[in-house]
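Subject: Structure for you to look at

Hello,

Here is the structure I said I would pass on. Please open it next to this email and follow along; my notes come after it.

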Amino acid sequence: MKTALFTGTFNPFTIGHADIVERALKLFDKVVIGIGYNPDKGSKEGFLSPEIEARVETIRKVYENDPRVIVEAYSDLTVDLAARHNAVAIVKGVRSVKDYEYERDQADFNKLLSDGLDTILFYSRPELSALSSSVVRTLEMFGKDVSKFVASPSNKNSK
């Protein structure tokens with residue numbers, strides 16, 4: 001069984017994220033969605049807070065009828081999570097050159113820190129390339145309806 005790891009902060013888990021999961025499931029038997037701690041996006045105190053636990057549960061509900069998807073939070077290195085799940089690759093989504101450069105650097109370090117773990121990049125579909133969790137949070141802050149951008153059991157992606 002070939003397992004891929006898809007990591008991020010997923011705050012919130014968008015239809016763009018769901019699209020990457022669906023595309024990865026065409027290549028892998030299982031996808032582990034790892035909700036990770038990113039030191040650039042906040043302090044580690046309260047990492048396993050009710051808000052993080054709620055995010056895990058929200059994403060689990062999206063995939064509750066798909067046993068090929070596992071969702072969990074983690075606070076160690078991505079390569080450690082990959083080892084725990086015997087993942088053969090990390091999958092990531094790329095929307096822009098900026099994303100590519102960041103993910104390339106991460107892929108290089110993950111490969112060095114592991115036993116050669118590869119990263120596969122999925123380029124976002126053009127209609128999803130402007131979508132980000134940050135944009136969704138900003139729209140929500142201004143009272144806009146973001147339901148069409150956030151993944152749910154009935155709205156995993158915009159296909």
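N86 is found in the loop between helix 3 and strand 4. Its phi is near 55 degrees, a positive value in a residue other than glycine. Most residues other than glycine have a negative phi, and most peptide bonds are trans. N86 counts as exposed because its relative accessible area is 61%, and exposed means over 50%. Please keep in mind that this is a predicted model.

F10 also deserves a look. F10 has a positive phi of about 50 degrees and is not a glycine. Its place is the loop between strand 1 and helix 1. Is F10 buried or exposed? F10 is buried, because its relative accessibility is 2% and the cut-off for buried is under 20%. The loop between strand 1 and helix 1 (15–24) also holds P12. The peptide bond that leads from N11 to P12 is cis, with omega near 5 degrees.

Now the overall layout. The protein chain has 5 helices and 5 strands. Along the sequence they follow the pattern β-α-β-α-β-α-β-α-β-α. Of the 159 residues in the protein chain, 44% are buried. The accessible surface of the protein chain is about 9100 Å², and carbon and sulfur atoms account for 53% of that surface. If you take the contacts with a separation of 6 or more, 78% of them are between residues 24 or more positions apart.

In what order do the 5 strands of the open sheet stand? The order is 3-2-1-4-5, and the pairing is parallel. Strand 3 and strand 5 (118–123) are at the edges; each has a single partner strand, so one side of each has no neighbour in the sheet. On average, neighbouring strands of this sheet are turned by 30 degrees against each other, direction ignored.

T3 stands opposite K30 in strand 2, and T7 stands opposite G34 in strand 2. How many of the residues of strand 2 are buried? The count is 7 of 7, so strand 2 is mostly covered, where buried means under 20% relative accessible area. Both faces of strand 2 are covered: one side has K30, V32, G34 and G36, the other has V31, I33 and I35, and all of these are buried.

T3 itself lies in strand 1. T3 counts as buried because its relative accessibility is 3%. Leaving out residues up to four places away in sequence, T3 touches F28, K30, V32, H85, N86, A87, V88 and A89.

On to helix 4. Helix 4 lies across strand 4 (89–94) and strand 5, and runs at about 170 degrees to strand 4. N110 is in helix 4 (residues 97–113). N110 is buried because its relative accessible area is 11%. Which residues does N110 contact, apart from its neighbours within four places in sequence? They are T78, V79 and I90.

L77 is in the loop between strand 3 (69–74) and helix 3 (78–84).

The last item is P126. P126 is in the loop between strand 5 and helix 5 (133–141). P126 counts as exposed because its relative accessibility is 67%. Where does R95 stand relative to P126? The two are 31 residues apart along the chain, and their C-alpha atoms are separated by 8.5 Å.

Regards

Conventions
Residues numbered from 1 in each chain as written. Predicted model: local features only at pLDDT ≥ 70, side-chain atom pairs only at ≥ 80, totals over all residues. Heavy atoms only, no water. Helix = DSSP H or I, 4+ residues; strand = E, 2+ residues; numbered from the N terminus. Buried < 20%, exposed > 50% of the residue type's maximum accessible area, 1.4 Å probe, protein only. Contact = heavy atoms within 4.5 Å. Pairing = 2+ DSSP bridges. Axes fitted to C-alpha atoms, helices over the stretch in contact; angles between N-to-C directions. Areas by Shrake-Rupley, 256 points an atom, 1.4 Å probe, with all protein chains shown as cover.
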